[in-house]
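Thanks for coming, everyone. Please have a look at it first.

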Number of protein chains: 4
Amino acid sequence: MSAKIRIAILGASGYTGAELVRLLARHPNADMVALTADRRAGNTLGAVFPHLAALTLPPLLAIEAVDFSAVDFVFCALPHGTTQEVIAALPATVKVADLSADFRLEDVATYAQWYGHEHRAPTLQQEAVYGLTELARAAVAKARLVACPGCYPTSAQLPLVPLLEAGAIAADEIIIDSKSGVSGAGRAAKEGSLFCEVTEGIHAYAIASHRHAPEIEQGLSRAAGRPVLINFTPHLMPMSRGIFSTLYVRLGNGVSVADLRAILVKRYAGEPFVKVLPDGVVPQTRHVRGSNLCLIGVFADRLPGRAILCSVIDNLIKGASGQAIQNFNVMMGLPETTALEQFPLFP
Amino acid sequence: MSAKIRIAILGASGYTGAELVRLLARHPNADMVALTADRRAGNTLGAVFPHLAALTLPPLLAIEAVDFSAVDFVFCALPHGTTQEVIAALPATVKVADLSADFRLEDVATYAQWYGHEHRAPTLQQEAVYGLTELARAAVAKARLVACPGCYPTSAQLPLVPLLEAGAIAADEIIIDSKSGVSGAGRAAKEGSLFCEVTEGIHAYAIASHRHAPEIEQGLSRAAGRPVLINFTPHLMPMSRGIFSTLYVRLGNGVSVADLRAILVKRYAGEPFVKVLPDGVVPQTRHVRGSNLCLIGVFADRLPGRAILCSVIDNLIKGASGQAIQNFNVMMGLPETTALEQFPLFP
Amino acid sequence: MSAKIRIAILGASGYTGAELVRLLARHPNADMVALTADRRAGNTLGAVFPHLAALTLPPLLAIEAVDFSAVDFVFCALPHGTTQEVIAALPATVKVADLSADFRLEDVATYAQWYGHEHRAPTLQQEAVYGLTELARAAVAKARLVACPGCYPTSAQLPLVPLLEAGAIAADEIIIDSKSGVSGAGRAAKEGSLFCEVTEGIHAYAIASHRHAPEIEQGLSRAAGRPVLINFTPHLMPMSRGIFSTLYVRLGNGVSVADLRAILVKRYAGEPFVKVLPDGVVPQTRHVRGSNLCLIGVFADRLPGRAILCSVIDNLIKGASGQAIQNFNVMMGLPETTALEQFPLFP
Amino acid sequence: MSAKIRIAILGASGYTGAELVRLLARHPNADMVALTADRRAGNTLGAVFPHLAALTLPPLLAIEAVDFSAVDFVFCALPHGTTQEVIAALPATVKVADLSADFRLEDVATYAQWYGHEHRAPTLQQEAVYGLTELARAAVAKARLVACPGCYPTSAQLPLVPLLEAGAIAADEIIIDSKSGVSGAGRAAKEGSLFCEVTEGIHAYAIASHRHAPEIEQGLSRAAGRPVLINFTPHLMPMSRGIFSTLYVRLGNGVSVADLRAILVKRYAGEPFVKVLPDGVVPQTRHVRGSNLCLIGVFADRLPGRAILCSVIDNLIKGASGQAIQNFNVMMGLPETTALEQFPLFP
């Protein structure tokens, strides 16, 4: 019987950190040996997240206090911009799944443009694998450092990449209208995330300027074989978890909506977490809440020659912590669904 | 001192009926002399809507029990398909604002196609004026029967019609992604409107098949001077009131985003209820809740040659009962804002 | 290796039915061989509950269509009043966990008084065991028919029974102020359960007349050794899952709040699902959502000689389906926590 | 025609400040000449509260920048503990309605005990009138400085004070279980007020230690003619506006529940904002949302000799800004309902 994998979670006091703990606590191969949370160092995780108080876990530490020589795998759930130097300083023997945006953009110039500072670990960037698992499984399996995709990019790329690879949709005017729950903004105390500011309403934000746009474009450009610009319009709405992306696309010449469906059905046949719904069935975010699932619907548009795709994920799971564990499983040669088999919680 | 206008509200036990009562109760020229609610006939309105229990009102009647010879004006808030015969049977001296879809489509063949039965008052249809007030004020002023626009069509046409009339946007690939609160589905006890089925989630519905699509197309076709088809994709989300429409358009040749804004600013200058927001400001549904306002934002797209418009309304007010009263004011020669001056309720 | 237990779930199209399926789908000893849903017979469960569409399950049947000779265990999740005859007709070899109220009241006269009709299986009632697992484990283990407690009674009795048994609190003026989510009302399409009628508000209901009052009194009377009447005031609030019960009690002579805590800590030491929180920590419903946990807090009152207890459960799990499976495990000699080890889902 | 009253609102960037502005904007006798918001000084109110952007208002100032010699009346909506010195420094000719807790407690020693510092304007405290309008109308009419009651104390005292004055209920074991929306916590960016921390759940807080307890006790003691201690247990739940207080009381000797109702009906006969509901009707917070109403229900308990009262208010209106304007009207000799006649907004 082999020993368990010794895991450190950096940034355990955020929502994605808590989800990592919750899921890994039922992972038969995982042993959480270190949890960090700089501002909450010294506390138990149960003090920060009472729903996990029943767990026996090491106390929260500052990052500096972790002995990484006794760690096999690190999940980084730190804020954007703080992760590059942390990961660069890790022992080379440690594998890493990074949930921040710090290693998602291959082109460090693009990174600098959108994130407002030079990349702090450009060499490491070259080594990082962009880990949208279903689309990069082989590369993930060999990687030491996996950059886990953003939540919006996961919901957009899973339906679009296979269609662009097949040349089945036009690449030049893709419109991505996404609706997100509030947990995507994290647990930071910001006026815009207050209950009274979010409940009973909706609004778009970061129109034409959201940082997930270049990340989506990177993936779609690779799929299309040429540079792709997109419209990406995120909206904030009153739910804790979930992303609903409505994708408006133009069909390629001679391509039908049924063709789109067939391409996706074939591509995701056998995938445990990505499901193409039957004709006429619209996915709902509440039907994936608490799971690692992505559901995709394909619909004819009223406008001739166009189609509509809908995709839903739980932003904290398939859009963050669940996909990170999926990558962990692949990187460590474990069954890919381990610890990710929970059904959605509805109602 | 002139006598008050004697008003009947047909369908007072629904949400739009309740809003009519709430607003008209503070209207200095209105005297609600008859309220109908077939299934609740014999009850007080306060039994059906406790928030209005303080009002002194006539009891709920069956429609047959109303003496329309003592009525000057009728607001119809009946379900679709039930209104045509009711209105046709009214005395010719009675003016009518109809909140249903029964007289919105000028072409009775289109009506039959989308609503599943022949129009039952085609002659009356020819007389009806489509009452999107800001865009049809003169015709509304002379009308005896005004068909009040649907909630989604109001949110879509107010930003789009002036732009199409000016030839500033392309008419062939307009995409309307709308997000609606639940009150749009009315007070009927349906599984899909239950709290547990709606809270903490979102989904699209009636993709490419919603009955508001031909209504929007009718208005946009008139504005463009030629037949227009649209993409209209409504979504149901957890809020009681509000519609947020995100409109994706292609700019006409030589037209800039600043031009779009200028056209709308000019068109709605002086309008009390339609406001074009400053550059960079995104409207929020919660900032119009409880008011007759429509807020419009105009944004450059990341895709060259394209723009994004956002519009918000309270679906029960500007999208239904408020606009009906606005039309009533215009039809009766009263100041247009009478009884509609409440500010939004936030938070 | 022994064969799996063949299970039928009667009433699989309601929320508690769906939770039974969700949890049993991960139970290593359970084989769901029959699901019934009279009005939805012929459908798949996935058509009724899309979040469970990934499961391979038998189609929904009418009860009459089930071959109970090939069933070992029945979970009854039928509406109150419909279950007595169904269970009475089952083969004697079949064990039963009933989630309805039909067998909860030992005194059939009390049943008739509160439920409006004579009990239809009074002999069977004598055999039924009231299955609040932590308080009746031995009897449950030997039972053929277990009546699973109501959601409110679970939240009230777990804190109060040990205190009454110890004579630590007065039995004569216990006040139970409970706040419930909407799923407790089931999936029936009722006006009072509509999103717009529930969101952004709260109200008490069934004041001094809720059917869970005699059920709670039955348990408290047994614990106190004499007849106990209670105040039980339920409130409906906008959340899908959860019950928060605030319990106001008078301390027995010479008893301190610390004594109350000590009694509960001792009673529930080692219990996997009932946790007494540290001094000063208030439980929250959202910290048990999706789990079989009951959290209890104990607090001094500002009024001398009194105390306040707070308890929280997920009404669909510990208050219904989870406790039913807990009883199933006990009845079948399986580890009690099997299939119930999910952590709460937060946020 | 007399000149309008020149009004300053101190603390206009909070929720109660915004409600003052919203309501006073429709007050025919009010002229808002100065708005302060220290951290937001220099902004327009519309930048802070977009739902009020249509108003023409003076810009936000620091308090120091206000010329109080040109002000007739001040509404103070500042945080607790910051108001005493501000008000003490005002010209003696200026009347004041203070919405903070700074002048609510007559006994400055009690103030110091609960608020953690000595009272900074004890002389002014002696002059202040506690302005629960319906219970102190005559004193309010003559006051220069009115301390507006807290939200919870308003909901508790309106039903309880008349009953204690009449000796109809026991004074020694009153239990007040209150459920509040989130706006009561203000607009400050706190983790505990985040959407994800509040939605889909409920919890008690400040058990036996909330600062509104001594305020309620002050009012009840005066009514009872002797010192009264209470149980006050507030709960935070997912709604923006509203307080529901469930009050558990013991009847006086020979007093019936019908007597309680009769006392309240008589006391509040003719009151425009306080309504005692008919037998069997339970108030709901959503039926007062957006209004200055308080609804009260009276119910027999299942426990003999006891009763249950339920009261609901909109915490931002009758519990704060509306009652402050009601006091303003009384202080200035204006019709008491001026600017407060809006009906509740439902749904």
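Over all chains, this predicted model holds 88 salt bridges. By salt bridge I mean a side-chain nitrogen of Lys or Arg within 4 Å of a carboxyl oxygen of Asp or Glu.

Some housekeeping. Residues are numbered from 1 along each chain as its sequence is written, while chains are lettered from A and ligands numbered from 1 in the order in which they are written. Local features need pLDDT of at least 70, side-chain atom pairs count only at pLDDT 80 or more, totals for chains, interfaces and linings use all residues, and side-chain values use heavy atoms, with hydrogens and water left out.

Here is one salt bridge to look at. Asp177(A) pairs with Lys179(B), and their closest N and O atoms are 3.0 Å apart. This pair crosses between chains: Asp177(A) sits in strand β8 (residues 174–180) of chain A, and Lys179(B) in strand β8 (residues 174–180) of chain B. Helices (H or I, at least four residues) and strands (E, at least two) are DSSP runs, numbered from the N terminus.

Now the interfaces. The size of an interface is often given as the accessible area lost when the parts come together. Buried area here is that loss with a 1.4 Å probe, summed over both parts.

Take chains C and D. Each chain puts 51 residues into the contact, where contact means heavy atoms within 4.5 Å. About 4,300 Å² is buried between chain C and chain D, with carbon and sulfur atoms giving 57% of that. How many salt bridges does the rule find across the interface of chain C and chain D? Eight. Arg302(C) makes a salt bridge with Glu217(D), with the closest N and O atoms 2.6 Å apart.

There are also 32 residue pairs in polar contact between chain C and chain D, both residues at pLDDT 80 or more. A polar contact is a pair of N or O atoms within 3.5 Å; within protein, one must be able to donate a hydrogen and the other to accept it, and residues adjacent in sequence count only if both atoms are side-chain atoms. On the chain C side, β8, α8 (195–198), β9, α9, β10, β11, β13 and β14 each supply at least two residues. That side divides into 27 nonpolar, 10 polar and 14 charged residues. The classes: Ala, Val, Leu, Ile, Met, Phe, Trp, Tyr, Cys and Pro count as nonpolar, Asp, Glu, Lys and Arg as charged, and the others, Gly among them, as polar.

Next, chains C and A. The contact takes 28 residues from each of the two chains. The area buried between chain C and chain A is about 2,600 Å², 68% of it from carbon and sulfur atoms. Polar contact between chain C and chain A involves eight residue pairs, both at pLDDT 80 or more. Helix α1 (residues 15–24) of chain C gives the most to the chain C side, with three residues. That side holds 13 nonpolar, seven polar and eight charged residues.

On to the sheets. Two strands pair if DSSP finds at least two bridges between them. In chain B, seven strands form an open sheet, ordered β3-β2-β1-β4-β5-β7-β6, with parallel pairing. Its edge strands are β3 (60–61) and β6 (129–130), each pairing on one side only. β6(B) pairs in the parallel sense with β7 (residues 145–147) of chain B over two bridges. There, Tyr130(B) has Ala147(B) in β7(B) as its bridge partner.

Chain C also has an open sheet of seven strands, in the order β9-β10-β8-β11-β14-β13-β12, but with mixed pairing. β9 (203–204) and β12 (274–276) of chain C stand at the edges, each with a single partner strand, so one side of each has no neighbour in the sheet. β12(C) runs parallel to β13 (residues 294–300) of chain C, joined by three bridges. Val274(C) stands opposite Cys294(C) in β13(C).

Last, the backbone. Most residues other than glycine have a negative phi, and most peptide bonds are trans. Phe346(B) and Pro347(B) are joined by a cis peptide bond, omega about 0°. The bond from Phe346(D) to Pro347(D) is cis too, with omega near -5°. Ala339(A) has a positive phi, near 70°. Ala339(A) lies in the segment after α11 (317–331) of chain A.

Notes
Buried area = accessible area lost by both parts, 1.4 Å probe.
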